[in-house]
Amino acid sequence: MDTRHYYYHWNRFIFVKMYWLFKFVVGLLALTAIGSVSADDTQKCVPPGPGLTLNDFLSGKFYLFERQQAFSIKLLQTAVAASPKQNLIFSPHSIYTALLITYFLSGNQTEEILKKFLNLPPEQSKLSVMQAYRMEKLFQSMRALNASTDYEFSSVDRLFISKRLPVQKCIADVFKDEVHKMDFVIDPELARMYINNWVANQTNDHIKDLLPSSKISYNTRLVLANAAYFKGLWSSKFSSESTKEEVFYTSPTENALVPMMWQSGSFNLLSSEELGAHVLELPYKGGDISLFVILPPFNKQRGIIMLTKRLNTNILQDIVASNEWRSRTVEVSLPKFNIEQSMDNLVPILEQMGIGNLFKGAADLSALTGSSRDVSVDDAVHKAKISVDEEGTIAAAATSFITSRSSRPIEPYKFRCNHPFVYFLFDKVTGSVLFMGVYNSPKSN
């Protein structure tokens, strides 16, 4: 096992050990508070089933956000198919988390649909998934307390629930940190502004006006929101003096100028035969999170579409923890860019991914209220933003719910991102894809 592969698994080991160290301090939050909701009088909230033990974590049986990787890839493939020439930025972590909480609130057929859609193991109980969710939240809170100035990452959930909507006690207890009661009837516009301000505060004002005016009405009963924020400094910064205007080829016959950052240093470089592309890792200080850039050949027609079609979970895991990584001196050129994207209607994308008729009045959220007739899922919105410059990266997002082989590429001496590429921010500790996107053109920033 090389040092790169060892480091990845060592981080996972530390992740588990942090849980072991702090679980007594937090009063056995993940394993006892949630366990109480499986009593006979609260089975509508959480059906009885086997819980999650520490041994499950030590054996690597169930890392919650590893299940998110397949979802992330499918989301990327669907978004690229819908907008093949546009710049893309979204947070799989944010969208997945919002859907995960919807799963916790659901019952009966809706629960089964979401469980499959979220790639959760069939044998895994809802109770154990809740415990894994709490485990991840605990870890992130401990991480934030101990984080240095090298990087920041936060992911916060809120259930903005109407005061007129009955909520089962077990849900109120389990999600006591997430539940926020408010009145949508008296002043829906004020409620919308309150939620948007909360999102802005959680993302350091990078995500504003998540909910357009048309999204909140007198009939609104529940707004489920997740806000994710990341700010990281490169382990090896680009010099601003080296940044200059260069040609970016949006296609073999079209181009535009872009501020191109440049540096020469030692980086992990991988040639993927499965993708027919090169992969570069640009780590942030602290070592937990990296930006991975997947660059297809320059003259490859429909290179991004073909690359994303070939991408799967096994390839992604090979990329982030490969034995084939080689650290070598590489000349890196990467566009300096800012991308912001609003998905005011996320529903069509989720439906194309196979979520079914969840957003057509068919959702059963009986675990929330005790009745499947009290509330329905009507809409979903997502907004994300990323800024990449010489110092590092700032990314924020918020979500709300109302392979054929190819010949091995020639090993490059330069990693020149002067044509479309795929990128993703990956948390090597939790195994989560935090942000993901495609850079297609300077013109559509």
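At what angle do H4 and H5 pack, and how far apart are their axes?

Modeller: Happy to! This is a predicted model, so local features need pLDDT of at least 70 and side-chain atom pairs count only at pLDDT 80 or more, while totals for chains, interfaces and linings use all residues. Residues are numbered from 1 along each chain as its sequence is written, and side-chain values use heavy atoms, leaving out hydrogens and water.

To your pair: H4 and H5 pack at an angle of about 115°, and their axes are 10 Å apart. (Axes are lines fitted to C-alpha atoms over the stretch in contact, with angles from 0 to 180 degrees between N-to-C directions; helices are DSSP runs of H or I, at least four residues, numbered from the N terminus.) H4 covers residues 68-82, and H5 covers residues 92-105. Their crossing is right-handed, where the near helix is turned clockwise from the far one by less than a right angle. On the H4 side, Gln-68, Phe-71, Ser-72 and Leu-75 make the contact, meaning heavy atoms within 4.5 Å. H5 answers with Pro-92, His-93, Ile-95, Tyr-96 and Leu-99. By class, these residues divide into 6 nonpolar, 3 polar and no charged. (Ala, Val, Leu, Ile, Met, Phe, Trp, Tyr, Cys and Pro are nonpolar, Asp, Glu, Lys and Arg charged, and the others, Gly among them, polar.)

Each of these helices has another partner. H5 comes within 9 Å of H6 (residues 108-117), axis to axis, and the two cross at roughly 150°. H5 and H6 are therefore roughly antiparallel, a term for angles over 145 degrees. This crossing is left-handed, with the near helix turned anticlockwise instead. Leu-99 of H5 takes part here as well, with Thr-102 and Tyr-103, facing Glu-111, Leu-114, Lys-115 and Phe-117 of H6. That contact has 4 nonpolar, 1 polar and 2 charged residues.

H4, for its part, packs with H10 (residues 303-310) at about 155°, the axes being 9 Å apart. H4 and H10 are therefore roughly antiparallel too, and they also cross in a left-handed way. Here Leu-76, Gln-77 and Val-80 of H4 meet Ile-304, Ile-305, Thr-308 and Lys-309 of H10. The classes in this contact are 4 nonpolar, 2 polar and 1 charged.

Definitions and conventions
Angles under 35 degrees count as roughly parallel, over 145 as roughly antiparallel, 65 to 115 as roughly perpendicular and the rest as oblique.
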